[in-house]
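User: I have a new structure to look at. Can you walk me through it?

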Amino acid sequence: MKILINNLSLFETLRPFNDLGFVPTMGAIHKGHLSLINKSNQLCKKTIVSIFVNPKQFNHKRDLESYPRNIKKDLKTLKKNKKVDFVYLPKFNDIYKDKNKSKVKLHKKDKILCAKFRKGHFEGVLDVMDKLTKIVKPKKIFMGEKDFQQLYLVKKVLERKYKSKVIACKTIRDKNNVALSSRNFLLNKNNLNVAANIYKKLIIIKKNINKKKNILDYLKSQKKELRNNYKIKIDYLELRNENNLKISSKKKNSRLFIAYYLNNVRLIDNL
Ligand code: AMP
């Protein structure tokens, strides 16, 4: 596993390889990230993982500051995994040195779900993914369905511009079905129990959807119930079509999307 600490060493090292699988991450590596690495190993000759906590995609300074970071542990985990050929650890200037102002603008129809509640977040994500793709030039990029809207937007924007293909990977969950996330490192045992109960409830809600005449009303009442039962703030609870993210009125080809806060940590999931 070779560690690339700047763009120069990256360009020199990667030149001979054209079948590269790329797993972009913000670190605090967990089994969700490792599943993306496994997939890349199956489909590509070489795998490169990047670790870069992109400040431009955080809409709150406090969130950026508290984001879990443990580069030593991450490198140990990745090395042990034995499936990573390169780790790219760019500095801010490796990514943003050309000082080009982000030109990414979201369409009005895309200002839904997290885009509605985290102003500028996806503009930051799309900008960094554009820059990383230009630098790494991967054949395939592996991204998790856990961040479904991110996957949807990055795929739409990048595949139009670059030859790289974006490959969707299933959400990995813990033994209680809580979706793994770096942010889970900020939760205590009690929070994780609540998250597990919320997951159970979401399964029931989704199961009942086809029996309901007015899905919007049903989800509104379920959102209220979740809020009151668990004393949580919920940004959204919505059923959307997984191909175009439009509000949906049937279970087929749809996912139930949620974003909520536990211990001031914002969690998202979809099922
Ligand atoms: P992050 O480090 O949180 O920016 O995530 C890096 C990549 O890992 C993104 O493509 C995420 O969607 C993916 N990812 C994060 N958590 C999971 C999970 N539980 N299952 C599958 N993929 C995940």
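User: What is the strand order in the open sheet of 3 strands?
Analyst: The order is E7-E8-E9, and the pairing is antiparallel. Strands here are DSSP runs of E with at least two residues, helices are runs of H or I with at least four, and both are numbered from the N terminus. Two strands pair if DSSP finds at least two bridges between them.

User: Before we go on, what kind of model is this?
Analyst: This is a predicted model, where local features need pLDDT of at least 70, side-chain atom pairs count only at pLDDT 80 or more, and totals for chains, interfaces and linings use all residues. Residues are numbered from 1 along each chain as its sequence is written, and side-chain values use heavy atoms, with hydrogens and water left out.

User: Back to the sheet. How many bridges are there between E8 and E9?
Analyst: Strand E8 (residues 254-262) pairs with E9 over 6 bridges, in the antiparallel sense. Tyr260 has Leu267 in E9 as its bridge partner.

User: Which helix lies across E7, E8 and E9?
Analyst: Helix H9 (residues 189-208) does, running at about 155 degrees to E8. Contact means heavy atoms within 4.5 Å. Axes are lines fitted to C-alpha atoms, for helices over the stretch in contact, and angles run from 0 to 180 degrees between N-to-C directions. Helix H10 (residues 215-230) packs on the sheet too, touching E7 and E8, and its direction makes about 150 degrees with that of E7.

User: And the sheet of 6 strands, what order does that have?
Analyst: That open sheet runs E1-E4-E3-E2-E5-E6, with parallel pairing. Strand E1 (2-4) and strand E6 (165-169) are at the edges with a single partner strand each, so one side of each has no neighbour in the sheet. The twist averages 25 degrees from one strand to the next.

User: New topic: the ligand. Which residues come nearest?
Analyst: Met26, His33, Asp147, Ile172 and Leu180, out of 17 residues around the ligand. A residue is near if one of its heavy atoms lies within 4 Å.

User: What does the side chain of His33 do there?
Analyst: An N or O atom of that His33 side chain is 2.9 Å from an oxygen atom of the ligand. On the backbone side, an N or O atom of Gly144 lies 3.0 Å from a ligand oxygen atom, and a polar backbone atom of Ile172 is 2.9 Å from a ligand nitrogen atom.

User: Which element gives the most to the shell?
Analyst: H2, with 3 residues.

Methods: A polar contact is a pair of N or O atoms within 3.5 Å; within protein, one must be able to donate a hydrogen and the other to accept it, and residues adjacent in sequence count only if both atoms are side-chain atoms.
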